[in-house]
Amino acid sequence: PYHRQVDPDRSTVDGRRVFLSLGDRTGSLWSTSTAQPMALPTDGSLLGLVDRVGVDTGAVVVRMAQLGIRAHGVIAPARSLTLTDAVPLDGHVTVELVYL
């Protein structure tokens, strides 16, 4: 398994600082935007890009976004792995963009 996060400190929207907000699947309910890193949702909820802190009305219109994404991989405990053979890792990730 792996964990992916958007890091606002390494991200911009239209040249401005990014704040993040988490929305429900429909985009009708949003958390208050924050400067804290957030995981990319895997349950159908939405990660919104916002241009200021404290916004709870959803994502803003963005022409260009540059996102700093952190990826953290997790492997099985060493006791359950062979430590003498190479094990290939699949590093493919798909990110779906939703236009509201």
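My notes follow, from the chain as a whole to its pocket.

I am working with a predicted model, where local features need pLDDT of at least 70, side-chain atom pairs count only at pLDDT 80 or more, and totals for chains, interfaces and linings use all residues. Residues are numbered from 1 along each chain as its sequence is written, and side-chain values use heavy atoms, with hydrogens and water left out.

**Fold.** I counted zero helices and six strands (DSSP runs: helices are H or I of at least four residues, strands are E of at least two, numbered from the N terminus). The order from the N terminus is β-β-β-β-β-β.

**Dimensions.** Along the principal axes, the C-alpha box is roughly 50 × 25 × 20 Å.

**Burial.** Of the 100 residues, 24% are buried (under 20% relative accessible area, 1.4 Å probe, protein chains only).

The largest pocket has a volume of about 960 Å³ (a pocket is an open set of points on a 1 Å grid, where a 1.4 Å probe fits, with protein on both sides within 12 Å along at least five of seven lines; lining residues have an atom within 4 Å of a point; the volume is the space filled by probe spheres set on the points). Of its 30 lining residues, Leu-47, Leu-49, Glu-96, Leu-97 and Val-98 are the closest to the centre. Strands E1 (2-13), E5 (46-50) and E6 (65-73) each give two or more residues to this lining. E5 gives the most, with four.

Methods:
Buried means under 20% relative accessible area, exposed over 50%, partly exposed in between (1.4 Å probe, protein chains only).
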